[in-house]
Amino acid sequence: MIDWTHWHNEPFLIGGLIFLGWLYAIATGPLRDRLAPAGTPYPRAHAIKFYSALFIFYLAVGSPLDQMGERFLLSAHMLQHQLIIYPAAILFLRGLPDWMVSLVTGRDSLRGLLRFFTHPIICGLIYVLVMSCWHFPSAYDWALQNRWVHIAEHFSFFGAALFFWWPVCSPSREYPPTSYAWQMLYFLSVTIGMTPVFAYITFSSDVLYPTYEFAPRLFERLDPHEDQVLGGAMMKLIGMSVMMGAFVVAFYRWYQQTERSPRS
């Protein structure tokens, strides 16, 4: 069964996270005077968010939760994905200072490409398509059976989540967050777009993923089909809670903005 003391320490995972943290430390430390406008202080608040994102990402893919999700329970796998998609992706974007992002987004040669890929419609489509395609039984079970495909799945989820949150959390001066009114519409649209995959998982009368159907049971009272329903419900309820929370924040800021604007 699960070895609760086993935390992943593969060089690819640990080395990658350390390398990212080191790059960030170098850019915000010794190289800050060369990369940022003169007099820019150390971005302490951004750094806390950035390193929190790396820590949460490791918790999701390096803790015993990875064993539970990979070998036993769809619901544990769903929780793992939601840690990657929500807190890790949001904190990652919030942790990037605008001057650091401008090193890429400020390049004129990339303007057309970045304008296309940061448009809310494209960001929402990328997110919905990546999430939906990976939940097809053949793709999902392939990832469960092949370590490298599983790693690719997690990275694609994280990448799609960065696209998803960009129109809301963009740290870029050149491609800033979309207006609050559009953010509310954006959240509603993506919630609707994710409904088919939620319904497919939750309301299927069959167990969709063979790995979980034949896995040893961690909890006797949670059979494979109940686990699948729980996983689908987690996808919808946690996702909707995050979306509605973000919707309320956008509405509140939109209201404040409207109140502050001069009246004719």
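Started with Asp-108, which is exposed at 56% relative accessibility (buried is under 20% relative accessible area, exposed over 50%, partly exposed in between; 1.4 Å probe, protein chains only). Asp-108 forms a salt bridge with Arg-111, the closest N and O atoms being 2.5 Å apart (a Lys or Arg side-chain nitrogen within 4 Å of an Asp or Glu carboxyl oxygen). Arg-111 counts as partly exposed, at 39%.

A note on provenance: this is a predicted model, where local features need pLDDT of at least 70 and side-chain atom pairs pLDDT 80 or more, while totals for chains, interfaces and linings use all residues. Residues are numbered from 1 along each chain as its sequence is written, and side-chain values use heavy atoms, with hydrogens and water left out.

Next I checked Arg-147. Its side chain meets Glu-70 in a salt bridge at 3.1 Å, N to O. That pair links distant parts of the chain, helix 10 and helix 4, 77 residues apart (helices are DSSP runs of H or I, at least four residues, numbered from the N terminus). Glu-70 is buried, at 15%. Arg-147 also pairs with Glu-10, at 3.5 Å.

Last, Gln-183, which I found in helix 11 (residues 180–193). Is Gln-183 buried or exposed? It is buried, with a relative accessible area of 5%. The side chain of Gln-183 reaches the backbone oxygen of Thr-178 at 2.9 Å.

Terms used
Helices (H or I, at least four residues) and strands (E, at least two) are DSSP runs, numbered from the N terminus. A polar contact is a pair of N or O atoms within 3.5 Å; within protein, one must be able to donate a hydrogen and the other to accept it, and residues adjacent in sequence count only if both atoms are side-chain atoms.
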